[in-house]
Amino acid sequence: AEPIKVGIALSQSGNLADSAEHYKKAVELWRDQVNARGGLLNRPVELVLYDDRSDPATAARLYERLITNDNVDLLVSPWGSASTATATAVAEKHKRVMINSGGASEKIHQRNFKHIFQSAAPISAYVEGIGPVAEKFGLKTMDIISRDYPAARDMEVALNKIAKDRNIKIEKAEYFPAGTSDYSSYLAQAKQSNPDIWISVGYPNEAIEMVRQFRANNYLPKLFVHNGASIDDFVKAAGKDAEYAVGMSLYEPVLKTKGNAEFVKAYKDKYGAEPGYYSGFGYAGVTVLEEAVRKTGSLDQDKLRETLSTMETDTVLGHHKVDPKTGLQVGVKGLLVQIRDGKRAIIYPEELKTADAVIPMPAWANR
Amino acid sequence: MKSLVIIVVSAALAAVIPFVGSEYALSFTVQLFVFVALAYSWNLIGGYAGYTHFGQVAFFGVGAYTGALMMDAGFHWLLAAGAAGLSGALLALPLGGAMLRVKGPFFAIGMFGMARVCESFALGFDGITQGGTGLYLTPVTDLKPLYFVLWAIAFGMVVLTWKLDNSRLGIQLLAIREDETAADALGIRTTRLKIGTFVASAIAPAAVGSLYATYLSFIDPATAFAPMTELTTIAMVLLGGMGTTFGPLVGAVVMSVVNELLWSRFPEIYLALVGAVILAVVLFMPRGIVSFAMRRAWWWVPAARSSLRRLASRPAPSRSPKEAH
Amino acid sequence: MDGSPNTLLELQDVTTGYGDVPVVRGASMTFEKGLITCVIGSNGAGKSTAIKAAAGLLRVWSGRVFVSGADVTREAPHRRLGRGVAFVPQGRIVLPEMTVRENLELGAHILGGDRQRIEEAIARLVTLFPIVGKRMGQLAGTMSGGEQQMLAIARALMTSPSLVILDEPSLGLAPKYVDIVFDKLRELAGTGLTVVMVEQKASRALSFSDWGYVMHTGQVVYAGAAQALLGNENVKRLFLGEVPEDVRLLVEGEAGHA
Amino acid sequence: MPVFELLIAGILLGGLYALMACGLNLVFGVMRIINFAHGDLLAVGALTTVSIVTGLHLPFYVAIVVVPLLTAALGLAMQVLVLRRLADGPMIMSLLATFALSTILVNLSILIWGGGYRGLPGVLGGSVHLLGLDVALSRLVSFLVAMAVTLLVWWFLQSTRFGRAIRSVSQAPELAVINGISIDAVRNVTFALGAAMAGLAGVLLAPTFASDPQLGARFGIKAFAVIIVGGMGSYPGAMAAALLLGVLEVFGGYWFGQVIGSAMLFLVMLVVLLVRPRGLLGMGVRA
Amino acid sequence: MHVQRIQPQPTPVPPPDFASATDTAERILVVEGVGKRFGGLVALSDVSLSVGRGSITGVIGPNGSGKSTLFNIIAGTLRPDRGRVFLNGHDTTRASPAQICRNGVGRTFQISRLFGEMTVLENLVAVAHGASDAEAVERALGLLDFLEITGLRDKWGTELSYGQRKLVEIARALMLRPTVMLLDEPFAGINPRLQNRIVDHLEALRQRGLTLFFIDHEMRIVLEICDTIHVLAQGRVIAEGDAAAIRSDPKVQDAYF
Ligand SMILES: Nc1ncnc2c1ncn2[C@@H]1O[C@H](COP(=O)(O)OP(=O)(O)OP(=O)(O)O)[C@@H](O)[C@H]1O
Ligand SMILES: Nc1ncnc2c1ncn2[C@@H]1O[C@H](COP(=O)(O)OP(=O)(O)OP(=O)(O)O)[C@@H](O)[C@H]1O
Ligand SMILES: CC(C)C[C@H](N)C(=O)O
Ligand SMILES: [Mg+2]
Ligand SMILES: [Mg+2]
């Protein structure tokens with residue numbers, strides 16, 4: 001039968017190329033699996049992949065192309081909030097359903113769009129563990145020091161809420177431009193003000209460079225949190241210095257979520273490495289899409305939209321549920337992981353934890 | 001009148017795309033127009049006046065933000081684009097006065113720094129610009145009006161350049177490019193001319209920046225001030241031929257088409273392939289495609305500054321040395 | 001190899017030009033050891049082009065160039081100095097952002113690190129051009145026109161070459177220095193230096209040369225002993241404008257003229 | 001305010017900038033080729049270092065020797081195959097060519113190393129205690145090497161025959177030729193040398209930063225700013241500028257946040273351009 | 001021709017005696033007490049001279065005596081350390097080169113500065129301020145014809161021989177229709193036959209009121225055509241007068257010939 005075409009533009013070059021690669025791998029794995037299962041609606045699935053060069057404008061054009069030129073049947077968002085912001089606008093314009101599995105920024109869903117459904121975790125989910133953990137270990141002060149990009153300021157909003165509820169003081173929220181590699185000035189400040197928590201959202205290189213510079217300056221906050229710490233590259237590149245760093249994570253291979261064990265195995269077989277959370281995002285996105293198509297029984301965009309606005313399902317990330325009005329993800333819960341002996345151990349939430357958190361992180365001299 | 005024929009034909013072709021082409025062709029051409037406008041603007045100051053620089057994206061970005069903020073405040077996108085163009089000119093005036101005193105690599109890299117400083121402002125004044133989060137706008141539903149505005153700007157720049165190329169003003173700009181000290185000593189008002197050109201070269205990028213924000217319905221500092229936009233523009237001009245009427249157009253079309261052809265077929269290595277294509281052109285036509293064609297005097301290639309040549313080859317009634325003074 | 005063993009430089013039927021426009025067409029000239037030979041011709045006649053081809057700076061399209069009997073037509077230009085051929089280009093080209101001393105030392109580049117020879121050469125040339133000696137630390141680009149010309153000549157003489165090609169050495173020099181330069185060249189020729197000189201000051205140049213060539217629209221139209229040329233009415237007329245009848249252009253057509 | 005600590009941090013950061021500027025100063029400052037691929041050669045250097053140390057399990061110093069040779073070969077290939085042919089055209093054309101080379105290099109690197117981030121855990125990590133401060137070891141080493149290389153190249157350019165030949169080729173190639181200098185040879189060697197220094201910078205940055213094929217974009221342009229501020233082609237100038245910019249960046253970041261801190265480099269550059277266009281220690285008639 | 005008027009600079013001190021308003025009728029150009037140093041080197045010290053309206057005035061002097069420096073100061077491309085320059089009675093010491101040029105001063109450079117990537121015709125037309133395109137082209141073709149370089153019309157500036165360049169540069173200066181011409185070694189490297197032609201032309205122009213002020217080492221011409229000759233040596237005026245006076249001046253003999 002005529003294949004069902006799924007269109008995605010994701011970064012194969014530019015600053016997101018690395019993370020998007022994992023996302024892409026998961027999507028390609030899914031394609032193989034679904035085709036092995038006999039396809040979708042008894043039709044094989046074909047991916048139409050383009051490179052958006054990590055450029056939101058290119059992403060917009062490519063979705064235009066996917067929709068009007070390649071006539072794809074289904075759309076999955078690109079990777080990263082900026083590209084997703086422009087891609088979703090294109091999809092909405094053409095009244096086409098799109099699964100947002102790559103953009104964490106909540107702004108994307110505050111534009112009254114009707115066709116965009118988030119399967120990725122919004123940024124509030126990333127940080128939801130910070131409150132309980134801080135409370136448990138008596139951490140009182142926090143510095144947000146983050147790359148200035150679409151998701152970061154959402155994180156500040158989410159953290160502000162947590163801070164208010166838990167009586168934590170956010171001493172400063174500082175944003176550095178993309179491309180920053182040197183944190184000397186923040187280190188000097190932190191050495192003076194000694195925040196309990198140093199939290200940051202961004203890409204793994206920043207996490208790597210931060211811990212290396214902590215180490216080189218013989219400095220350490222009680223708790224260092226960075227989503228980049230949940231990526232394999234972090235441990236590999238930072239080595240021993242990575243120990244005890246905490247990562248915000250939305251997905252871990254050890255999770256007992258639905259279908260995860262199979263996913264991890266298949267992923268490992270195909271790529272020789274465990275999936276990380278970028279891969280989890282990609283996989284969850286297509287899982288939701290597949291489920292919606294099956295439920296609807298057709299590719300009709302209006303019907304799909306109806307299905308998706310109320311549909312709940314379970315993915316490798318956890319429970320999928322969106323706010324019907326905005327399409328914002330509300331089901332997925334965040335995790336915190338800590339690097340222990342070169343591996344990520346889940347330290348939050350309590351019911352999933354695989355190790356007790358070691359907080360404060362032991363000083364460099366005592367390791 | 002070869003030039004005019006080329007301009008009219010290509011403008012007419014571009015004008016029918018919305019009626020025959022797909023939505024995708026439309027968005028491809030929108031992007032192309034953006035780059036045509038950028039390339040021609042850069043060509044004014046870089047190709048004609050000889051002040052090559054890496055900072056045009058500063059105007060693009062400032063225009064994008066000016067426009068986006070106005071649209072955010074409820075103004076029509078067309079008005080926003082106009083205001084953005086004005087903002088470009090207003091920024092260029094003092095900037096030109098200050099920066100155009102340095103030349104060559106100094107000006108080139110200095111302007112790059114200027115773009116970075118503007119980007120920092122967009123990040124730093126986050127109360128207004130939302131910093132790195134970017135500004136989200138209401139998407140336009142119909143691309144056509146946007147398309148025709150960009151069409152008008154792009155071909156407006158082509159016509160302007162053609163006019164300039166055939167005027168004494170254009171020749172005086174070239175004189176600045178070739179030897180500014182001599183030009184100055186020969187009574188060419190270099191300061192006025194180069195600042196004027198610089199300002200003129202800032203208007204379209206800023207207006208186009210705003211239209212781009214409209215088209216994307218989103219703008220963030222990384223997109224507004226992307227060095228890649230800058231480099232692509234410059235590559236287009238150089239590829240086509242600096243300081244020529246049709247170089248930027250040819251460069252923009254060639255680059256965009258090559259990009260388009262390669263990137264869907266070879267997603268993993270297409271950038272390397274684009275690089276290889278550029279290299280090939282550079283090696284065989286080191287002054288760009290149009291300059292190459294002009295030197296070869298291919299019949300369909302209009303000569304540079306042709307009106308002057310026509311004047312010169314017109315048989316003169318009397319031409320004695322006494323008449324010369 | 002043709003020509004006498006005394007021939008130091010020979011252009012044999014050389015055609016060359018820029019782009020695809022031939023400028024010098026079928027020019028043949030020989031330059032004998034220890035003689036001063038001057039090449040004259042009006043502006044744009046192709047004098048500089050011809051000697052640039054001899055110095056290897058322009059590709060020779062057809063014909064051949066010999067230095068001391070060796071065919072150097074295809075040899076890389078930077079090897080010519082090693083054969084004892086020094087060149088002073090027209091229009092006083094110096095290295096603008098290097099000091100006078102560095103310019104001179106550059107002239108001695110092929111001497112390697114032989115400091116003593118370099119210092120000797122500098123000392124020798126400084127007595128010839130005292131101004132140059134006084135400006136050792138000045139950036140060459142800021143020197144006056146005549147000073148730069150002196151520097152350019154001095155630079156070419158740094159290695160004590162066996163042949164020096166000078167493209168309008170008198171350019172920009174005050175009369176006093178024109179005399180000094182010409183006298184010095186005469187003196188050096190006496191010690192065996194071969195001098196090739198392009199000059200616009202035609203009668204002045206011929207009167208102190210041994211041999212001369214006259215170029216016109218890219219071709220050599222007269223050759224002869226300098227005294228003979230000086231006395232020749234036709235040469236005079238060529239210089240004053242008319243093209244005498246006995247100048248039969250080998251190839252008709254327009255090379256650049258002025 | 002921890003003035004002393006910030007000062008040291010700034011100086012060490014400046015050391016890194018100086019290191020990056022070293023090779024570029026030969027190619028850009030002296031030869032006037034705008035080499036956009038310089039940062040990418042640096043990235044190749046850093047990634048190769050990681051491969052040598054963590055992949056082949058060879059000691060770090062092997063990389064210090066091997067990597068510059070490798071990038072020199074790469075640079076030589078770029079020069080011989082492409083840039084040589086553009087040398088006599090307008091300066092800006094070299095930009096287009098090196099821009100193309102840069103995209104090729106980045107893409108090939110991604111094919112070879114993947115897009116991910118790599119590091120050198122355990123090499124030159126940690127700090128040494130100096131003057132009552134914890135000073136990052138890797139940066140201290142980079143700083144010292146940068147100083148040494150800068151002085152060496154400076155001496156080389158100013159005081160050796162070959163250095164003079166390089167400068168003469170960049171100022172008046174036709175004159176260099178008639179003085180017995182092979183332009184091609186000089187340009188090849190110079191470019192290779194510049195590339196080798198990019199490689200060396202890559203080796204020394206690898207322990208400090210996370211390396212990926214796009215590392216070059218993060219640092220490349222800063223090196224251009226350093227050279228402009230220091231004065232084109234001036235090695236002592238570049239050194240001084242690098243240190244100054246490093247210090248200002250750190251202090252700027254401390255006082256006004258890193259957005260301003262990062263912009264500082266360019267702000268200073270603009271001020272220098274307007275007040276003293278030839279740079280801190282630049283000289284020359286062409287500027 | 002459109003001439004931009006240069007506002008006299010507000011000068012606290014009254015103009016010097018010998019440049020008083022009555023004088024400007026005869027003296028179009030007055031240089032007064034000009035000094036210029038480059039680092040430690042004194043290129044000009046206290047040079048005062050004046051050029052009569054409609055005269056042909058020459059400057060000679062040994063190499064490095066400051067002649068080109070003086071011209072650059074008059075033309076506004078260099079600023080003197082001290083002293084003043086008056087053109088038509090207006091102080092132009094601080095005026096820009098473009099202003100001075102548009103006030104009627106045309107110049108050539110010692111090392112020719114053609115616009116390389118422009119054709120010869122364009123080189124000329126670019127500076128025909130105030131003329132229409134057709135007039136400019138007409139004027140340019142006339143000059144090319146006169147200097148016997150019509151064949152070079154469509155050549156690029158970079159494609160010319162040394163002498164051709166100088167010729168085009170003279171033509172370009174004439175395009176300005178100046179009232180004063182400053183020529184820095186116009187005859188160097190030019191074929192004697194053309195030298196004569198240029199001399200004839202300049203003399204003809206002088207008949208119509210052009211003032212000619214030039215530097216050259218070509219004594220044959222300098223001594224023949226100059227009304228007045230100024231001799232510079234080591235940055236000072238060591239002699240001035242007509243050809244006969246200069247030829248017989250022992251100081252000049254010693255320094256220059
Ligand atoms: N780089 C160039 N490209 C193209 N044509 C050139 C170039 N240089 C010179 N020509 C042309 O070649 C012809 C001969 O030039 P050449 O420089 O040899 O003349 P010349 O005899 O040395 O004259 P002059 O006495 O003025 O120096 C001229 O018509 C000139 O226009
Ligand atoms: N920018 C500068 N820096 C240092 N010295 C300079 C500079 N410009 C000129 N000079 C020096 O000033 C002196 C006068 O130079 P100028 O060019 O006026 O001489 P000139 O009389 O024109 O000589 P020539 O006849 O050789 O052209 C020279 O000795 C020159 O070296
Ligand atoms: C936190 C990020 C890695 C998530 C995603 N790249 C985004 O930009 O929204
Ligand atoms: Mg010549
Ligand atoms: Mg002079």
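# Close-up views of a predicted model

**View 1. The shell around ligand 1.** The residues around ligand 1 divide into 13 polar, five nonpolar and four charged. The model shown here and in the other views is predicted. Of the 22 residues in this shell, those that come nearest are Gly44(C), Ser48(C), Thr49(C), Ser161(E) and Gly163(E). Because the residues that surround ligand 1 come from chains C and E, the site is shared between chains. In the side chain of Thr49(C), an N or O atom is 2.4 Å from an oxygen atom of the ligand. From chain E, a polar side-chain atom of Ser161(E) lies 2.6 Å from an oxygen atom of ligand 1, and a backbone N or O atom of Gly163(E) lies 2.7 Å from an oxygen atom of ligand 1. Ligand 1 taken alone exposes 630 Å², of which the protein buries 91%. Two or more residues of the shell are given by each of two elements, helix H1 (47-54) of chain C and helix H5 (162-175) of chain E.

**View 2. Ligand 2 between chains C and E.** Ligand 2 lies between these two chains. There are 21 residues around ligand 2, and Ser144(C), Gly146(C), Glu147(C), Ser68(E) and Thr69(E) come nearest. A polar side-chain atom of Gln138(C) lies 3.0 Å from an oxygen atom of the ligand. For Lys67(E), a polar side-chain atom lies 2.7 Å from an oxygen atom of ligand 2, and for Ser68(E) the distance from a polar side-chain atom to an oxygen atom of ligand 2 is 2.7 Å. On its own ligand 2 has 640 Å² of accessible area, and the protein covers 87% of that. Helix H5 (145-157) of chain C, strand S2 (41-52) of chain E and H1 of chain E give two or more residues to the shell. By type, the shell around ligand 2 holds 13 polar, four nonpolar and four charged residues.

**View 3. The magnesium ion (ligand 5) and its protein donors.** Ser68(E), through OG, and Gln110(E), through OE1, are the protein donors, lying 1.9 to 2.2 Å from the ion. The pair links distant parts of the chain, 42 residues apart: Ser68(E) is in helix H1 (residues 67-75) of chain E, and Gln110(E) is in the loop between strand S6 (105-107) and helix H3 (120-125) of chain E. Gln110(E) has a relative accessible area of 11% and is therefore buried.

**View 4. The surroundings of ligand 3 in chain A.** Residues that surround ligand 3 include Trp79(A), Ser81(A), Ala104(A), Tyr126(A), Tyr203(A) and Asn227(A). From an oxygen atom of the ligand, a polar side-chain atom of Ser81(A) lies 2.4 Å away, while a backbone N or O atom of Ala104(A) lies 2.7 Å from an oxygen atom of ligand 3. A nitrogen atom of ligand 3 is 3.4 Å from a polar side-chain atom of Tyr203(A). The protein covers 100% of the 280 Å² of accessible area that ligand 3 has on its own. The shell divides into seven nonpolar and five polar residues, with no charged ones.

**View 5. Lys172(A) in strand S7 of chain A.** Lys172(A) is placed in strand S7 (residues 169-176). With a relative accessible area of 18%, Lys172(A) is under the 20% limit and so counts as buried. Its side chain makes a polar contact with the side chain of Gln189(A) at 3.0 Å.

**View 6. A hairpin in chain D.** Strands S1 (residues 127-130) and S2 (residues 133-136) of chain D run antiparallel and are joined by four bridges. Opposite Val128(D) stands Val135(D) in S2(D). The hairpin has two residues between the strands, and Leu131(D) takes a positive phi near 50°.

Methods:
Residues are numbered from 1 along each chain as its sequence is written. Chains are lettered from A and ligands numbered from 1 in the order in which they are written. This is a predicted model: local features need pLDDT of at least 70, side-chain atom pairs count only at pLDDT 80 or more; totals for chains, interfaces and linings use all residues. Side-chain values use heavy atoms; hydrogens and water are left out. A residue is near a molecule or strand if one of its heavy atoms lies within 4 Å of it. A polar contact is a pair of N or O atoms within 3.5 Å; within protein, one must be able to donate a hydrogen and the other to accept it, and residues adjacent in sequence count only if both atoms are side-chain atoms. Accessible areas come from the Shrake-Rupley method with a 1.4 Å probe; for residues, only the protein chains shown count as cover. Ala, Val, Leu, Ile, Met, Phe, Trp, Tyr, Cys and Pro count as nonpolar, Asp, Glu, Lys and Arg as charged, and the others, Gly among them, as polar. Donors are N, O and S atoms within 2.8 Å of the metal (3.2 Å for Na, K and Ca); water is not among the atoms, so sites may look incomplete. Buried means under 20% relative accessible area, exposed over 50%, partly exposed in between (1.4 Å probe, protein chains only). Two strands pair if DSSP finds at least two bridges between them.
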